[in-house]
Amino acid sequence: MKKIKITRRDFLKTTALSTLAAGSPATFFSCSRPRKLPNILYIMTDDHAYQAISCYGSKINQTPNIDRLASGGVRFVNSFCTNSICAPSRAVLLTGKYSHLNGVTDNRDKFDAAQQTFPKLLQENGYETALFGKWHLKCDPTGFDYWNILPGQGQYYNPDLIEMGEQKQVKGYATNIITDNCLNWLRNRKSVKPFCALLHHKAPHRNWMPDLKHLSMYEDEEIPIPETFFDDYETRCAAAREQEMRIADDTFMTFDLKVKPKEGRLPENEREKIDARIWETAYSRFTEEQREEWDRAYDPRNEKFYKSNLKGKELDKWKYQRYIKDYLRTIASVDDNIGRVLDYLDETGLAKNTIVVYTSDQGFYLGEHGWFDKRFMYEQSLRMPLIIRYPREIKPGVNESDMVQNIDFAPTFLDYAGIGVPDDIQGRSLRSVLQGVTPDDWRQSIYYHYYGYPAWHMVKKHYGVRTHQYKLIHFYDDIDAWELYDLENDPHELNNVYDNPQYSKIVNELKIELKRLREKYKDTNNPEF
Ligand code: SGN
Ligand code: CA
């Protein structure tokens, strides 16, 4: 689609005129009938990397249903999170504010449920709201007429669910159950109000346990290994070298890679004890039939693995295969279930007036730099896949390169619902961008800040700025180190050019921009830097 650049005033004029001409149900009251507001269905997975979505160019899997959503709407190619970790991302979604303002800077923080959130504002303004699946904010949800959530990280098999405060175990596989709950709620809803449903999957979060029907998917294939898998972190600062998220060194053999210890072998060190203990929490949830089917799939593979006696790089590559196949299998289930939801919207005629969003709480490493997990401001974890479909207002099949962030979700939904966006929300509505019109003062840079150190995976604290071409990062706390990447010439971020004199002008400009962004987003009170 051809992009038009217009001023804000032009924009207001054009939308008002075109809305009048089209008699858009979204914006105007008619005398006798209330205006028809869009429904909102926000689907978010946990740790789904864009590298594992076929419409994002995946080389390793197919996601026909996510692609189907994209072909009906807009696919953002420059969508970024503000802090690449779960609970903080969810708090940003709800509030439209950065972590230092919404109070959830890392997974240990509890969300203050009394604060302003977009579901509350929708609920107060005539929406029926509901939440399904992962929540992870250490408090009861507020702003939802109905909620049915996983406690904490949740389990893949026969998970516990907390329905409106009451916890019980439900038989089945999490991705199917969470989808069923959402579909049942939609089917049984009596209200004439528009709905806003948040459908939050656990998958494909660690420890990547596939549904039984996907256990043999990819088994006879070799998944291509990323070209930076054996990265030696040369030119990067200590943060990249000292993390603990290498597939080769930091995955648990049993919990993550599903290799049971040989018969009779007891854990020999602290790490093996932890591994055995956390695997037991997952494994013990199986029913007998589920466990038998699981073991029938993995036992012979593991026997073969033990016989092969792999060492060094061959062992590392084997771990990558085991990791990535299980990860992709959990995504196969996500994609199937998205298909069920899209079918339901089509069959009931709801599709046209429903804004459907697909995203993930952040990105993830699928072996790039040798890693799994997220946290770093490098591309794979900074990026969030983002697809938005709304047939009434958005043209199908568009790829959008404007820079957007998860602070933009709350104002976007409020805008579509005809609710004024409160001044303290830091993001900006995507509505005009979605209509193919980029406001002339749209952002040309994004601000990022990660706080979770020391913690799982030991990624050091850092903040930074990314423009369309460059990324400047400052690692702080027990380190004081800068990195600069020229993303056009070094898309894999292997070459830190911060000290290269050819880039000194760029460094100075980016430092000014970084200061501007920290002031704009009110992130200037951190005593640590
Ligand atoms: C757990 C995982 C980590 C993961 C964090 C945060 N370990 O602690 O690998 O980084 O969650 O993930 S696990 O052994 O418990 O799976 S997040 O998505 O919740 O932010
Ligand atoms: Ca996550």
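The questions and answers below walk through one predicted model, its ligand and its salt bridges.

Biologist: What should I know before reading the values?

Modeller: Residues are numbered from 1 along each chain as its sequence is written, and chains are lettered from A and ligands numbered from 1 in the order in which they are written. Side-chain values use heavy atoms, without hydrogens and water, and in this predicted model local features need pLDDT of at least 70, side-chain atom pairs count only at pLDDT 80 or more, and totals for chains, interfaces and linings use all residues.

Biologist: How many salt bridges does a search of the whole structure find?

Modeller: Side chains of opposite charge can pair when their charged atoms come close. A salt bridge here is a side-chain nitrogen of Lys or Arg within 4 Å of a carboxyl oxygen of Asp or Glu. The search of the whole structure gives 39.

Biologist: Which residue forms a salt bridge with K97?

Modeller: Helices (H or I, at least four residues) and strands (E, at least two) are DSSP runs, numbered from the N terminus. K97 sits in the loop between α3 (86-95) and α4 (99-102), and its partner is 327 residues away, in the loop between α13 (409-416) and α14 (431-434). The N to O distance is 3.0 Å, and the partner is D424.

Biologist: Is K97 buried or exposed?

Modeller: Buried means under 20% relative accessible area, exposed over 50%, and partly exposed in between (1.4 Å probe, protein chains only). D424 has 38%, so D424 counts as partly exposed. K97 has 10%, so K97 is buried.

Biologist: Which helix holds both K317 and E314?

Modeller: Their side chains meet in a salt bridge, 3.5 Å from N to O. An α-helix has 3.6 residues a turn, so residues three or four places apart point the same way. K317 and E314 are three residues apart, about one turn, in helix α11 (residues 312-347).

Biologist: Which residues are closest to ligand 1?

Modeller: A residue is near a molecule if one of its heavy atoms lies within 4 Å of it. Ligand 1 is surrounded by 16 residues. The closest are C86, R206, D373, R375 and H457.

Biologist: How many residues of the shell around ligand 1 are charged?

Modeller: Ala, Val, Leu, Ile, Met, Phe, Trp, Tyr, Cys and Pro count as nonpolar, Asp, Glu, Lys and Arg as charged, and the others, Gly among them, as polar. The shell has four nonpolar and five polar residues. The number of charged residues is seven.

Biologist: How many of the residues of α3 are buried?

Modeller: The buried residues of α3 include C86, P88, R90 and L94. Their cover includes β2 (39-45), α4, α5 (118-124), β9 (195-200) and α13. Helix α3 is largely enclosed by the rest of the structure, because the buried count is 10 of the 10.

Biologist: Which residue follows α13 with a positive phi?

Modeller: Helix α13 is mostly covered, with seven of its eight residues buried. Among them are F409, P411 and Y416. After the helix, with phi near 75°, comes G418.

Biologist: Which side chain joins that of K374 in a polar contact of 3.0 Å?

Modeller: K374 lies in the loop between β10 (354-360) and α12 (379-382). K374 is buried, because its relative accessibility is 3%. A polar contact is a pair of N or O atoms within 3.5 Å; within protein, one must be able to donate a hydrogen and the other to accept it, and residues adjacent in sequence count only if both atoms are side-chain atoms. The partner is D47.

Methods:
Contact = heavy atoms within 4.5 Å.
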